[in-house]
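Have the structure open and follow along.

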Amino acid sequence: MPFSLSIVAIILTYVWVFEPTAEGAARVAPAALVVSLTIAHAVKTGEWGFRGDAFLPGLIAAAWTTAIGVALILAAGEFLGTLHPRRGVGRSILYLLPWAGGQQFALQTVVFHEARRWMPRGAAIVVAAAIFGIVHLPNPLLAPLTFASALVWCWIYSRYPNILPLAISHSVGTEAVQHAFDDEITGRLRIGYAYVRFALGE
């Protein structure tokens with residue numbers, strides 16, 4: 001899994017080593033590298049994640065699974081007493097779409113695709129989801145939540161290989177998390193050393 005390992009190495013190196021001091025172009029460079037590797041992998045394999053006949057069934061699968069996930073997230077927020085209103089929800093989801101789409105592009109067309117070459121579908125789904133969750137450590141909410149979500153997303157993609165429904169699901173789910181929980185629980189969606197600094201109150 002050379003492309004997957006390279007992408008994970010870039011992300012982990014950035015969020016644990018360079019992110020605290022990165023400024024300007026240095027903040028954009030890691031994302032650009034990941035996108036470049038993902039595109040290079042797509043050119044090599046032909047796996048772009050936009051199969052037309054998979055869009056509608058993928059959207060249907062993503063819609064009902066996301067609805068269940070969002071309901072559980074909001075119920076958890078209500079139970080904890082952290083559920084709160086947010087302004088501009090629709091605009092926020094639209095802003096999240098490119099970021100979510102980029103993550104799904106790398107997760108599905110590289111990580112899951114490479115894992116699938118080496119192991120059965122079920123194992124590949126678990127491995128790809130585990131890698132996605134690990135990248136979100138040490139955030140105690142995001143790591144398990146992204147692992148569970150990626151299990152569903154990879155399962156959907158394995159049946160309907162189109163990343164667009166997954167990007168929508170990812171965006172809606174992220175907005176639901178921010179609506180349901182406060183910063184103390186979400187860690188402001190930070191990962192790596194940025195989360196450590198948040199937890200330490202820096």
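First, a word on angles: a helix axis here is a line fitted to C-alpha atoms over the stretch in contact, and angles run from 0 to 180 degrees between N-to-C directions. Keep in mind, too, that this is a predicted model.

With that in hand, take α4 and α7. Their axes come within 7 Å and cross at roughly 125 degrees. That angle makes α4 oblique to α7, and the crossing is right-handed.

Is leucine 94 buried or exposed? At 57% relative accessibility, it counts as exposed, since the cut-off for that is over 50%. If you want a distance to check, go from leucine 94 to phenylalanine 198: they are 104 residues apart along the chain, and their C-alpha atoms are separated by 26 Å.

Now move over to α3, residues 55–80. How well does its length fit its residue count? At 1.5 Å a residue, the 26 residues of α3 should span 38 Å, and the end C-alpha atoms are 36 Å apart, which agrees.

Next, pick out the buried residues of α3: Gly58, Ala61, Ala62, Thr65, Thr66, Val70, Ile73 and Gly77. An α-helix has 3.6 residues a turn, so residues three or four places apart point the same way. Keep that in mind as you read along the list. What do these buried residues pack against? The answer is α6 and α7, the latter being residues 163–180.

α6 runs over residues 142–159, and its axis comes within 10 Å of the α3 axis, with the two crossing at roughly 160 degrees. The two helices are therefore roughly antiparallel to each other, and this crossing is right-handed. Gly58, Ala61, Ala62, Trp64 and Thr65 from α3 meet Val152, Trp155 and Ile156 from α6. By class, that contact has six nonpolar, two polar and no charged residues.

Notes:
Residues are numbered from 1 along each chain as its sequence is written. This is a predicted model: local features need pLDDT of at least 70, side-chain atom pairs count only at pLDDT 80 or more; totals for chains, interfaces and linings use all residues. Side-chain values use heavy atoms; hydrogens and water are left out. Helices (H or I, at least four residues) and strands (E, at least two) are DSSP runs, numbered from the N terminus. Angles under 35 degrees count as roughly parallel, over 145 as roughly antiparallel, 65 to 115 as roughly perpendicular and the rest as oblique. A crossing is left-handed if the near helix is turned anticlockwise from the far one by less than a right angle, and right-handed if clockwise. Contact means heavy atoms within 4.5 Å. Ala, Val, Leu, Ile, Met, Phe, Trp, Tyr, Cys and Pro count as nonpolar, Asp, Glu, Lys and Arg as charged, and the others, Gly among them, as polar. The expected span of a helix is 1.5 Å times one less than its number of residues. Buried means under 20% relative accessible area, exposed over 50%, partly exposed in between (1.4 Å probe, protein chains only).
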